[in-house]
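The following exercises concern the structure shown below.

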Amino acid sequence: MSSDVVVDIQGLTKRFGARTVFEDISLQVRRSEVVAVIGPSGAGKSTFIRCINYLHPFDAGRIRVLGHELVGGGAPPSKATLRQVRMQVGMAFQTFNLFPHLTALGNVMLGPMETKRVPARDARDKAMALLSSVGLADRAEAYPRRLSGGEQQRVAICRALAMDPEVMLFDEPTSMLDPEMVGEVLATIRGLASQGMTLILVTHEMQFAKEVADTVVVMADGRVVEQGPARDVLEHPTSERSRTFLTRVLKPLEAPGVSGEASPPGGSGRGATTALGGDVR
């Protein structure tokens with residue numbers, strides 16, 4: 001992990017009307033760092049991550065992303081600034097948002113062709129390399145309705161990666177999946193982490209966060225109640241609110257076989273070679 005800060009969030013506040021979703025959140029993310037944002041439902045985690053690429057405008061504070069500054073409460077950023085931010089910061093959502101009239105291959109090719117004016121042949125080669133890296137080469141010509149939830153989410157991740165982002169945001173990428181589909185998406189994210197991609201993910205997969213994340217941020221009651229090294233926060237939380245939340249969500253995981261992904265042989269998942277083991281950026 002580099003000392004180079006690529007996302008710098010200071011004093012972030014977001015309101016919907018009279019309701020304050022969260023207030024005065026600060027966080028720095030370094031290049032190649034993996035940050036997992038956890039917390040109870042309604043804590044504002046998804047809203048927070050969507051502020052990073054300005055899908056949600058915010059009311060106070062500032063976000064500096066890869067040299068581009070977004071400021072809350074004033075005039076919105078220019079279209080040129082937003083374009084640069086969103087080209088450099090990819091995102092995968094809870095819902096897959098694939099274009100139903102395009103094949104998996106077409107969905108991945110579209111962004112580079114339309115936004116970067118990449119020639120179709122080059123866009124196709126890149127898209128096929130990405131789909132192959134997540135085990136979907138044989139599904140390239142399938143339409144979204146013919147793909148499983150796990151396959152659709154992997155296509156959505158490939159679509160974001162086709163733009164060559166420097167940072168990837170994941171908003172609960174497994175929340176819409178059947179339990180048996182979760183592992184294939186987590187393997188893809190694990191592969192990105194092992195390549196050194198900077199990742200910020202909202203997740204309820206606590207075991208995965210402990211294995212893969214460098215930093216865990218706990219959001220609750222409209223604020224960050226704790227942040228620090230992943231294992232320290234998840235195994236020895238210092239905040240009472242963190243302890244309450246983690247006791248509730250980790251207790252069901254104590255039963256064998258319920259904890260989600262098992263640790264790969266040899267230790268932490270950061271260095272594992274799974275899906276996306278090759279560099280296609």
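A residue is called buried under 20% relative accessible area, exposed over 50% and partly exposed in between, with a 1.4 Å probe and protein chains only. The model is predicted: local features need pLDDT of at least 70, side-chain atom pairs count only at pLDDT 80 or more, and totals for chains, interfaces and linings use all residues. Residues are numbered from 1 along each chain as its sequence is written, and side-chain values use heavy atoms, with hydrogens and water left out.

**Exercise 1. The overall fold**

Task: State how many helices and strands the protein has, and what share of its residues count as buried.

Solution. Step 1: helices (H or I, at least four residues) and strands (E, at least two) are DSSP runs, numbered from the N terminus. There are nine helices and 10 strands in the protein.
Step 1: the buried share is 52% of the 281 residues.
Step 2: a contact means heavy atoms within 4.5 Å. Of the contacts between residues at least 6 apart in sequence, 67% join residues at least 24 apart.

**Exercise 2. Aromatic pairs**

Task: Find how many aromatic pairs there are, and classify the pair of Phe22 and Phe48.

Solution. Step 1: rings of Phe, Tyr and Trp (its six-membered ring) pair if their centres lie within 6.5 Å; planes under 30 degrees apart count as stacked, over 60 as edge-to-face and the rest as tilted. The count by this rule is two aromatic pairs.
Step 1: for Phe22 and Phe48, the ring centres are 6.0 Å apart and the planes stand at 85°, so this pair is edge-to-face.
Step 2: because Phe22 belongs to strand 2 (residues 19-30) and Phe48 to helix 1 (residues 45-52), the pair ties together parts that are 26 residues apart in sequence. Phe22 is buried at a relative accessible area of 0%, and Phe48 is buried at 1%.
Step 3: the rings of Tyr54 and Phe58 have centres 5.8 Å apart and planes at 75°, so they too form an edge-to-face pair. Both Tyr54 and Phe58 are buried.

**Exercise 3. The surroundings of Val21**

Task: Decide whether Val21 is buried or exposed, and list what it touches.

Solution. Step 1: Val21 lies in strand 2. Its relative accessible area is 7%, so Val21 is buried.
Step 1: not counting residues up to four places away in sequence, Val21 touches Lys14, Arg15, Phe16, Ala43, Gly44, Thr47 and Gly222.
Step 2: Val21 and Asp221 are 200 residues apart in sequence, yet 8.5 Å apart in space, C-alpha to C-alpha.

**Exercise 4. Helix 3**

Task: Identify the buried residues of helix 3 and what covers them.

Solution. Step 1: the buried residues of helix 3 are Ala104, Leu105, Gly106, Asn107, Val108, Met109 and Pro112.
Step 1: their cover includes helix 4 (120-133) and helix 5.
Step 2: after helix 3 comes Arg117, which has a positive phi, near 55°.

**Exercise 5. Cysteines**

Task: State how many disulfides the structure holds.

Solution. Step 1: a disulfide is a pair of cysteine sulfur atoms within 2.5 Å.
Step 1: the structure holds zero disulfides.
Step 2: Cys51 counts as buried at 0% relative accessibility, and Cys158 counts as buried at 0%.
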